[in-house]
Amino acid sequence: MLDSLIAEAPRFFTYWNLKFLLEAALTTLALTAAGCVGGFALGFLMAALRRTEGAALWPLRALCLAVTETFRRVPFLVTLFLVFYLFEALKLGLDTFHVALAAVVVIAGAYIAEIVRAGFESVHQNQWDAAAAMNFGLATTLRHVVLPQAWKVILPPAFSFFILFIKDTALASQIGVVELTYAGKVLNNKGFSAVLTFGAVLALYFLMSYPLTRLGRHVEARLATRRTR
Amino acid sequence: MRHVELADVTAAYGRTRVLDGVSFGVDRGQIVSLIGPSGSGKSTILRVLTGLLKPQAGQVRVGGEPVDFADRRRLRAMRARFAVVFQQFNLFQNMTALDNVSIAPIKVGGRPRREVEAEGAALLARVGLGGKLKAYPDELSGGQQQRVAIARALALRPEVLLLDEVTASLDPELVSEVLDTIRDLAAEGMTMLIVSHEMGFVRELSSKVVFMADGRVVEDGPPARIFDAPQERRTRDFVSKILRH
Amino acid sequence: MGYAINYEQVFPYLPYLIGGAWLSLQIAFLAFVGGAVLGLLGAFALSFGGPLLRGVTRAYVTFFTNTPQLVQIYFLFFALPEAGVLLSSQQAVLLGMTLNAGAYLTEIQRAGFSSVRAAEMEAAEVLGFTRLQQVRYVVLPHIARTLFPPLSNHYILMTLGTSMAAIFGVEELTGRALNVNSETFRSIEVFTMTAGLYILVTLVANVVLALAGRWLFRARMRLL
């Protein structure tokens with residue numbers, strides 16, 4: 001087996017195949033990064049809206065709670081299919097990358113809303129009380145009092161979550177997004193050895209994920225020793 | 001017309017009733033003190049007056065106007081007339097002393113930063129912290145933090161100042177300084193509602209003392225009567241116990 | 001819009017989908033048990049093993065937690081035959097999920113081991129417990145109580161992860177949803193119903209696990 005791999009290797013590691021794989025890896029990163037930025041915005045918004053107090057706003061709070069709870073209990077693959085067919089029914093004419101992006105934003109939004117909520121709760125109730133007694137609105141309270149104290153609690157799990165999605169976006173291959181996993185399947189279907197193609201794909205995922213994991217741990221350790229401000 | 005008046009106010013945390021039909025009034029410029037054993041509901045009254053806890057029944061009137069706790073705009077208007085100094089200071093941990101004092105007038109009051117900061121520095125100097133403008137709460141002692149909290153409350157220019165156990169954590173040599181500040185404010189016409197265990201302070205400063213137990217007002221009156229000639233047995237027990245120390 | 005929502009056609013398939021959900025739970029359970037055993041060995045290796053064993057274990061955990069489970073299964077399914085090892089798609093899925101779970105559960109269980117505080121051991125020592133009694137009355141209950149919540153959390157995540165098996169033709173919940181979809185073409189109805197079933201299944205699993213954790217180990221767990 002090893003002999004045949006060595007014989008095949010030069011045929012596999014050509015400029016074109018490598019370019020194809022690297023571009024696909026970039027698509028994976030782009031999908032993850034854009035999805036998590038969008039997901040962070042959505043998740044933060046939902047966590048903040050859940051902190052509103054007006055009686056008239058309860059449907060909004062209920063919606064945020066429902067989205068947060070629902071999409072953390074549905075597999076990524078199912079959400080992906082659901083979004084895919086929903087966009088098809090709406091005839092929006094989006095390409096598969098943007099369909100996958102929408103799915104990632106919703107799921108990331110749900111998980112990050114939970115992370116942000118936990119961050120908000122890590123800020124002592126007396127800080128919220130003082131802000132309320134001084135007539136701060138929600139936006140002022142979050143911006144000037146809560147976030148400066150909560151970001152240390154929010155950042156590490158949010159970052160781990162981001163890294164998780166580098167791997168989870170592999171599922172986007174199922175609706176035809178040409179990301180890293182899809183590229184591996186294409187090369188495998190062309191007749192290249194599965195050991196080489198999927199081996200290379202695994203290696204590329206590892207190269208994206210591992211350094212970021214290390215960075216995340218480093219940042220977390222640094223933050224743990226810093227004081228509040 | 002009373003400046004602040006509570007009429008038959010009932011409030012609860014979850015199912016635990018903490019105020020059970022409380023009524024009393026505070027006149028303009030008056031200093032009223034709430035005393036009583038822990039858990040009697042003294043601090044809860046301050047939470048109701050700052051809108052942090054909604055009463056279940058009864059009425060709160062400020063300047064003769066009943067407060068509608070369901071109307072957020074009017075609740076905010078009521079809050080703007082009060083400032084509270086908390087037992088646990090509740091200083092914003094991410095801000096310097098000066099920022100703690102200036103943030104509300106700038107962000108909520110919409111006043112110019114330079115003017116507010118100059119005033120804030122003066123207020124901090126007045127409570128003896130002129131040299132600590134740039135210090136963060138975790139760099140200050142408990143007593144110093146409480147003085148920042150008093151300056152922060154004064155910066156709101158409130159009509160009514162609510163003091164929740166403010167002297168409990170002050171350094172002994174600074175108590176009189178703070179009392180002087182509070183006396184000045186009283187002379188300026190500031191209405192004050194004070195919760196305290198410091199009976200000397202209460203007796204010296206108050207125009208009226210309200211004794212509470214189990215979420216109810218047991219009796220109220222001028223300090224001389226409450227301390228020297230209490231009418232109720234519970235008041236007598238409490239006063240004799242606390243004065244023995 | 002042009003698309004009218006209509007569940008009538010999909011509704012008769014509900015029992016079929018529920019059968020799929022049952023299979024999902026079973027796959028998750030098998031992979032979880034296998035992974036927990038692997039993870040236990042891994043945690044022991046990391047805590048008490050020699051440098052070589054520790055290095056190998058760490059490499060295993062690092063590799064499997066930094067690459068996608070889907071590609072791991074692809075590799076098992078497509079690449080192992082080149083080495084003469086032929087796996088059915090079900091075997092590849094189950095093996096892949098077990099190996100993946102083993103890596104994550106190694107990390108979780110190792111953290112549980114290291115959470116036994118020296119102070120508690122000393123307290124037990126002072127009370128005159130023998131070594132065996134210390135393990136029986138102090139260490140094991142403590143580990144069970146700290147480990148149960150993250151383990152049940154991972155089990156829920158794995159239940160969601162089993163949907164990946166559909167890609168390899170396994171007819172669990174997502175696989176059956178794809179079948180119903182290609183028969184009825186009521187895609188939105190099929191997948192919302194499927195999503196609803198996943199929500200239901202994980203909610204039930206959550207409640208059951210939380211109750212079990214509270215009763216068996218006095219673990220602090222929220223019911224929902």
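Buried residues are those under 20% relative accessible area, exposed residues are those over 50%, and partly exposed residues lie in between. The views below show salt bridges in a predicted model, for which the count over all chains comes to 21.

**View 1. A salt bridge in chain B joins Arg111(B) and Glu119(B).** The closest N and O atoms of Arg111(B) and Glu119(B) are 2.8 Å apart. Glu119(B), with a relative accessible area of 23%, is partly exposed, whereas Arg111(B), at 17%, is buried.

**View 2. A salt bridge in chain C brings together the side chains of Arg186(C) and Glu189(C).** The N to O distance between Arg186(C) and Glu189(C) is 3.0 Å. Arg186(C) counts as buried because its relative accessibility is 17%, and Glu189(C), with a relative accessible area of 0%, is buried as well.

**View 3. Salt bridges that share partners make one network of four residues in chain A, namely Arg50(A), Glu114(A), Arg117(A) and Glu121(A).** Within this group, Arg117(A) and Glu121(A) are members that the next view takes up in turn.

**View 4. A salt bridge in chain A pairs Arg117(A) with Glu121(A).** The closest N and O atoms of Arg117(A) and Glu121(A) are 3.0 Å apart. Both residues belong to helix H5 of chain A, which covers residues 96-122, and because Arg117(A) and Glu121(A) are four residues apart in that helix, about one helical turn separates them.

Notes:
Residues are numbered from 1 along each chain as its sequence is written. Chains are lettered from A and ligands numbered from 1 in the order in which they are written. This is a predicted model: local features need pLDDT of at least 70, side-chain atom pairs count only at pLDDT 80 or more; totals for chains, interfaces and linings use all residues. Side-chain values use heavy atoms; hydrogens and water are left out. Helices (H or I, at least four residues) and strands (E, at least two) are DSSP runs, numbered from the N terminus. Buried means under 20% relative accessible area, exposed over 50%, partly exposed in between (1.4 Å probe, protein chains only).
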